[in-house]
Amino acid sequence: MTDTLELVDEWGPEKIVVVSHRRTGMKGVLVIDNTARGVGKGGTRMAPTVTVTEVARLARNMTWKWAAVDLFYGGAKAGIVASPASPDKEAILRAFARALHNEVPREYVFGLDMGLTEDDAAIIQDELGDRGAAVGTPASLGGIAYDQLGVTGFGVAEAADAGVAMTGRPMTGARVVIQGYGAVGRAAAERFAELGATVVAVSTAFGALYHPDGLDVGELDKARAEHGDAFVTRFGRGTRLGAGQELLVECEVLVPAATQDVIDEAAARLIKAGLIVEGANLPTSSSAQRILGERGIVVIPDFVANAGGVIAAAFAMDARYSGFRPDTSAVFTSISDRLRGNTRTVLAKSENLRVTPHQAGRRLAADRVRAAMHAKGRIPVE
């Protein structure tokens, strides 16, 4: 078991709060990693397997993500140890929110992550009696409907398009594989199709579907909406693959958009993609990143590629106490401009410094965080 103090380094975490509530069985954790550039902002996830170390890793990733897109919020993340399918979900969520009333919203603002929905964000606002306590609420409450709009997946495809252009290849006709056909994967697939790419494989937790001539994204969406994830991999023409086999399909663009730690050293040696665009958080191990780099496979880091959600969240943060809805067209324009620009910057820096894109992106983000820490007197001026 990891000693919580072992998680502390030069950047943070600034605060780790572990909470529980006996009557509901609620157990959870909030990790505020670094607030030099602003209040802690990051999603809250709910899963039976949530750990302090996991949430701390994700909070650090948020520190880099906010700095990489040059928006002024700090890295934070929260997690609740429970099943999202629990009949007691609302009671658990309300108990978690109450337990963190000292930190929310002064030090941390709730957002959505795995296992939570827009209605859950509304429940948090209701429980704390503060519109500023959470973002990601339903459109009926003035929120930005992240999943419905597909902002994160849209940004992933925009980053991929910029990355493909830097390799000298056109996106038109490029073969794309998407691991994880959820909110991010579906939206990315739709945008890839608009950009002229061919989605040749998709997967869910039930397996994968592959066809070398391409899958009909519209028909897949319809199948999923009507019958659920399990039906997607049994729908229409194509070859059924086992879980994880989609990572090894030959393609120009591979998008791991399911969960973390899916590309390890073994997979890195077998992947046949020209470009990997991280739609999920932390899908590729550091050793795998090194191997991929040695093989000439470019990786656009998660804190660059999937930052569409945090850009939308920044608009939502500004609108928390406003009577006006955020302009969705401005959200999409900002996502496209920032993610395309950041992709070009990070990949160019990676090539110039001869380091992996993750290392180049973290250096860029770290320089911005360090400058803020200096300005606020949190670390000595060198």
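# Pockets, cavities and strands in a predicted model

Ala133 is buried, with a relative accessible area of 0% (buried means under 20% relative accessible area, exposed over 50%, and partly exposed in between, for a 1.4 Å probe and protein chains only). The model is predicted, so local features need pLDDT of at least 70 and side-chain atom pairs count only at pLDDT 80 or more, while totals for chains, interfaces and linings use all residues. Residues are numbered from 1 along each chain as its sequence is written, and side-chain values use heavy atoms, with hydrogens and water left out.

- Ala133 is located in the loop between α3 (118-128) and α4 (helices are DSSP runs of H or I with at least four residues, strands are runs of E with at least two, and both are numbered from the N terminus).
- Apart from neighbours within four places in sequence, Ala133 is in contact with Val104, Pro105, Val109, Phe110, Ile124, Gln125 and Leu128 (contact means heavy atoms within 4.5 Å).
- Between the C-alpha atoms of Ala133 and Trp64 there are 22 Å, and the two residues are 69 residues apart along the chain.
- Asn342 belongs to helix α13 (residues 328-353).
- Asn342 counts as buried because its relative accessibility is 15%.
- When residues up to four places away in sequence are not counted, Asn342 touches Ala68, Val69 and Val304.

**The largest pocket**

- The volume of the largest pocket is about 1400 Å³. On a 1 Å grid over the protein atoms alone, a pocket is an open set of points with protein on both sides within 12 Å along at least five of seven lines, a cavity is a set where a 1.4 Å probe fits but cannot get out, and lining residues have an atom within 4 Å of a point. Grid points are joined across faces, edges and corners, and a volume is the space filled by probe spheres set on the points.
- The largest pocket is lined by 50 residues, of which Asp113, Met114, Ala183, Val184 and Ala258 are the closest to its centre.
- Two or more lining residues of the largest pocket come from each of α1 (52-68), α4 (146-149), α5 (151-166), α6 (183-194), β8 (198-204) and α12 (308-318).
- With four residues, α6 gives the most to this lining.
- The lining of the largest pocket has 19 nonpolar, 21 polar and ten charged residues (Ala, Val, Leu, Ile, Met, Phe, Trp, Tyr, Cys and Pro count as nonpolar, Asp, Glu, Lys and Arg as charged, and the others, Gly among them, as polar).

**The second largest pocket**

- The second largest pocket holds about 410 Å³ of space.
- Among its 22 lining residues, Arg57, Arg60, Asn61, Leu282 and Arg362 are the closest to the centre of the second largest pocket.
- At least two residues of this lining are supplied by each of α1, α10 (286-294), α11 (302-305) and α14 (357-375), and α1 gives the most, with six residues.
- By class, the lining of the second largest pocket has six nonpolar, eight polar and eight charged residues.

**Cavities**

- The count of cavities of 30 Å³ or more comes to two.
- The largest cavity contains about 50 Å³ of space and is lined by Val164, Thr167, Arg169, Pro170, Ala174, Glu252, Val253 and Leu275.
- Five nonpolar, one polar and two charged residues make up the lining of the largest cavity.
- The second largest cavity has a volume of about 30 Å³, and its lining consists of Asn34, Arg37, Thr63, Tyr73, Gly74, Gly75 and Val369.

**Strands and sheet**

- Seven strands form an open sheet in the order β10-β9-β8-β7-β11-β12-β13, with mixed pairing (two strands pair if DSSP finds at least two bridges between them).
- At the edges of the sheet are β10 (239-241) and β13 (298-300), each of which pairs on one side only.
- β8 pairs with strand β9 (residues 207-210) in the antiparallel sense over four bridges, and Val202 has Leu209 in β9 as its bridge partner.
- α6 lies across β7 (175-179), β8 and β11 (251-256), and runs at about 170 degrees to β7 (axes are lines fitted to C-alpha atoms, for helices over the stretch in contact, and angles run from 0 to 180 degrees between N-to-C directions).
- Strand β4 (residues 44-47) is joined to strand β5 (residues 74-81) by four bridges, and the two run parallel.
- Thr44 and Met46 point one way from β4, Arg45 and Ala47 point the other way, and all are buried.
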